[in-house]
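Here is my note on the model, as numbered points. Please keep the structure open while you read.

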Amino acid sequence: MTIAVTGATGHLGRLVVEALLDKGTPAADIVAVVRTPAKAADLADKGVDVRQAEYGDRAALEKALAGVDKLLLVSGSDIGQRIAQHTNVIDAAKAAGVGFLAYTSILDAQNSPLGLAVEHRGTEDRLATSGIDFALLRNGWYWENYLGSIPAAREIGALFGSAGTGVVAAAARKDYAEAAAAVLLADGQAGKVYELGGDERLTYSELADVFSEVLGKPVSYKDLPQAEYAAVLEGAGLPAPIASMLADSDAGVAAGALDTESGDLQTLIGRKSTRAVSALGL
């Protein structure tokens, strides 16, 4: 059985390939679909079949997916372009005869108020009409998403956000990667929908306490209105669309959009999820 992973040199995709190898999948049975093969030289050295294709290149995708039985479509990072890009991958998989596709979506995608959910919904809808057997891996937030907040917290002793008293059930990227590998290696996954989130369900005030433990100094949470938080992020140098997206995601935390108690992640990986303090530095 040949398993392909798109975006295999990205943060999540690479961890999925490593998880497949750790679970005993022969390297020759893993296809790493990458934009830049040179960045996957270490995977090639392990015997992984590295193939070049971009999400925007339909012909290259079909060639890269030739002979593949199962595919993990890791959602792209080009916000605003992802439905078209993901459709390219889905159509190429269909044409190449891929039998099963798993897609990394977002928690409760069909009902989520998050702006980020729009393209995930569109991709899920495209999969539903594709004729390919598929499963949805609706990933929650990554603890690593907060690494960028650590320098400011170290400097001024504060974590800024607009999450109110909402909780985020995050986990480490490695946890989600192990879950994806488990689904790819299991039988009978067609039609499955997994709502994936961590054991720790933290408010941002509690997350600030984690920052305090990581940094060894007091860190407090400063809650801001969504627009004000977006302005703070822009002032820190982030492009306006990214700042707006992050502020919208925080507002989603306040609304419960990044919280789940499903237990699906823990069932798939057979353990508790990685604690925030471990993912963020200890």
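1. Ground rules. This is a predicted model, where local features need pLDDT of at least 70, side-chain atom pairs count only at pLDDT 80 or more, and totals for chains, interfaces and linings use all residues. Residues are numbered from 1 along each chain as its sequence is written, and side-chain values use heavy atoms, with hydrogens and water left out.

2. Neighbours of S1. S1 runs parallel to strand S2 (residues 30-34), joined by 4 bridges; two strands pair if DSSP finds at least two bridges between them. Valine 5 has alanine 32 as its bridge partner in S2. Between these strands the chain passes through helix H1 (residues 11-22), and this β-α-β crossover is right-handed. Right-handed means that, with the strands pointing away from the viewer, the path from the first strand over the helix to the second runs clockwise. S1 is also joined to strand S4 (residues 70-73) by 3 bridges, again in parallel. There, the bridge partner of valine 5 is leucine 72.

3. Strand S5. How many residues of strand S5 (residues 100-106) are buried? The count is 7 of the 7, so S5 is largely enclosed by the rest of the structure. Both faces are covered: Phe100, Ala102, Thr104 and Ile106 lie on one side, and Leu101, Tyr103 and Ser105 on the other.

4. Neighbours of S5. S4 and S5 run parallel and are joined by 4 bridges. Threonine 104 has leucine 137 as its bridge partner in S6. The chain goes from S5 to S6 through helix H5 (residues 117-128), in a right-handed β-α-β crossover.

5. Lysine 70 and phenylalanine 100. These two are bridge partners, with phenylalanine 100 in S5. The charged end of lysine 70 also sits over the ring of phenylalanine 100, 5.8 Å from its centre. The test is NZ of Lys or CZ of Arg within 6 Å of the ring centre and within 35 degrees of the ring normal.

6. The cores. A nonpolar core is a set of buried Ala, Val, Leu, Ile, Met, Phe, Trp, Tyr and Cys residues joined through side-chain atoms within 4.5 Å. The largest has 59 residues, and Val16, Leu65, Leu72 and Leu101 have the most contacts inside it. Helix H7 (residues 173-185) gives the most to this core, with 8 residues. Another core, of 32 residues, lies apart from it; among its residues are Ala153, Tyr204, Ala208 and Val253.

7. Contact means heavy atoms within 4.5 Å.

8. Aromatic pairs. Rings of Phe, Tyr and Trp (its six-membered ring) pair if their centres lie within 6.5 Å; planes under 30 degrees apart count as stacked, over 60 as edge-to-face and the rest as tilted. By this rule there are 4 aromatic pairs. Tryptophan 143 and tyrosine 146 make a tilted pair, 6.4 Å centre to centre with 45° between the planes. Tryptophan 143 and tyrosine 146 are buried. Why is the pair of tyrosine 204 and tyrosine 221 edge-to-face? The ring centres are 5.4 Å apart and the planes are at 75°, so the pair counts as edge-to-face. Tyrosine 204 lies in helix H8 (residues 204-215) and tyrosine 221 in strand S11 (residues 220-223), so the pair ties together parts that are 17 residues apart in sequence. Tyrosine 204 and tyrosine 221 are both buried. Trp143, Tyr146, Tyr204 and Tyr221 form one aromatic cluster.

9. Two single residues. Threonine 203 is in strand S10 (residues 202-203). Threonine 203 counts as buried, because its relative accessibility is 17%. Leaving aside neighbours within four places in sequence, threonine 203 is in contact with Thr165, Gly166 and Val167. Glycine 216 lies in the loop between H8 and S11. Glycine 216 is exposed, with a relative accessible area of 68%. Glycine 216 and arginine 154 are 62 residues apart in sequence, and 9.1 Å apart in space, C-alpha to C-alpha.

Key: Buried means under 20% relative accessible area, exposed over 50%, partly exposed in between (1.4 Å probe, protein chains only).
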